[in-house]
Amino acid sequence: MATKTLFNNIVDAFIAKINLNLVILGVGGVEERAEDPAVLDKVRKFGGYMYVIPLAEGRDRMDNMMGGTKDMYHNFSMNVVAYYDFTATTKSSKSLTSDLRLTRDYGYTLIDLFNGDDNQVGKGFFYRFELEQGYYEIIDRIIYTYNVKFFVKVLETE
Amino acid sequence: MTATTFFGNRARACVGVAGFTPAIANLFTVDRGFEANFEWTNHELYGTDSIGRIDEARSELKVIGKLRGCKFDPAKGAGNIWTNMMLAISGSGATTGVIDLTSNTLQLFDVYIYQTGAAVSTPVSIVIYNAYLEALPIPFPENEFMILDLTFKGRTGAIGVATVPVT
């Protein structure tokens, strides 16, 4: 299997699983792309939207291996960024405190989809997760956001 | 002859019961490193007429080998190097993988380690004959892939003379 195919299989399987859980993640959809400039349009339309950005931070470090196969030892990260505008949904309490918690809860819900024995996607294994959240104001709206960094190890290519 | 360099990643290892003929099917995969080490005890004789060494002799040859691998077929658990080739499992255990407590026979195996160079196809080869496994540590590490790290001790060895299946 070509290395690019191995990598894309992991990304596609990752997105497919998120797509099956859009409701509990509070988003209308998920795409592999950089979030700007589509974020505002999507967030206004769906109330929440998610973007998968592989190799956004860091790199895929690949160690060549012995044995004459194409197997390589990959160690990389994928970022998932989600944006929410709760004023566009019925979930909003319009409270910074509760909406921060709601945003954070969605982030942990995303992680729970891939931790424990659910950590295999394609031939990749998630072994570490980093969640951070924030918000920013755009005129009369508050956009809540979280960023989950998934750390992945892959050894088997063939 | 052409001198050339030998990059470790090209090394291959074939493992089989003592006396086997190395073949591609016997390759140990996916590999994380091999090592062969010929050790012996050296004896030196000195006298009183000279400060120089008078004689020397060698004894107790040990051929120590190491194999590290990280890709396995669990369906081959019984009947492969995990069991009757390395663990001295005999009788019904040879097919079931269950260690036979009534047998104290060391199962011997041969290991062929070889690699081709950057500019020549003739491989550098090391053979460790009649080796036995000293232990079988099987790690299950957290957040990391499982790697078998096997150390074995051969009765004798050969350097550069083996016919090996070059891939």
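Colleague: How many Å does α1(A) reach from its first C-alpha to its last?
Modeller: Keep in mind that this is a predicted model. α1(A) has 17 residues, and at 1.5 Å a residue the expected span is 24 Å. The reach in the model is close to that, at 24 Å.

Colleague: Within what arc do the buried residues of α1(A) fall, seen down its axis?
Modeller: The buried residues here are A:Leu6, A:Phe7, A:Ile10, A:Phe14 and A:Ile18. On the other side of α1(A), A:Lys4, A:Thr5 and A:Ala16 are exposed. The buried ones line one face of the helix, because looking down the axis they fall within an arc of 110 degrees.

Colleague: Which element gives the largest share of the largest nonpolar core?
Modeller: That core has 32 residues, and those with the most contacts inside it are A:Met50, A:Val80, A:Ala82 and A:Phe150. Two or more residues each come from α1 (3–19), β2 (48–54), β4 (72–84), α4 (96–112) and β7 (141–154) of chain A. The largest share, 6 residues, is from β7(A).

Colleague: And which residues does A:Phe150 touch, leaving out those up to four places away in sequence?
Modeller: A:Phe150 is one of the residues with the most contacts inside the largest core. Setting aside residues up to four places away, its partners are A:Ser77, A:Met78, A:Val80, A:Phe114, A:Phe126 and A:Phe129.

Colleague: What pattern does chain A follow along the sequence?
Modeller: Chain A has 4 helices and 7 strands. Its C-alpha trace spans about 60 × 30 × 25 Å along the principal axes. Read along the sequence, the order is α-α-β-α-β-β-β-α-β-β-β.

Colleague: Where in chain A is confidence lowest?
Modeller: Overall, chain A has a mean pLDDT of 88, with 92% of its residues at 70 or more. Confidence is highest in helix α2 (residues 22–25) of chain A, at 96. At the other end, with a mean of 78, is helix α3 (residues 39–46) of chain A.

Colleague: How many charged residues are on the side of chain A that touches chain B?
Modeller: The contact takes 14 residues from chain B and 10 residues from chain A. By class, the chain A side has 4 nonpolar and 4 polar residues, and the charged ones number 2.

Technical notes: Residues are numbered from 1 along each chain as its sequence is written. Chains are lettered from A and ligands numbered from 1 in the order in which they are written. This is a predicted model: local features need pLDDT of at least 70, side-chain atom pairs count only at pLDDT 80 or more; totals for chains, interfaces and linings use all residues. Two residues are in contact if their C-beta atoms, placed from the backbone, lie within 7 Å. Ala, Val, Leu, Ile, Met, Phe, Trp, Tyr, Cys and Pro count as nonpolar, Asp, Glu, Lys and Arg as charged, and the others, Gly among them, as polar. A nonpolar core is a set of buried Ala, Val, Leu, Ile, Met, Phe, Trp, Tyr and Cys residues joined through C-beta atoms within 7 Å. A residue is buried if 20 or more other C-beta atoms lie within 10 Å of its own, exposed if 12 or fewer, and partly exposed in between; C-beta atoms are placed from the backbone. pLDDT is the predictor's confidence in each residue, from 0 to 100. The expected span of a helix is 1.5 Å times one less than its number of residues. The arc is that of the directions from the helix axis to the C-beta atoms.
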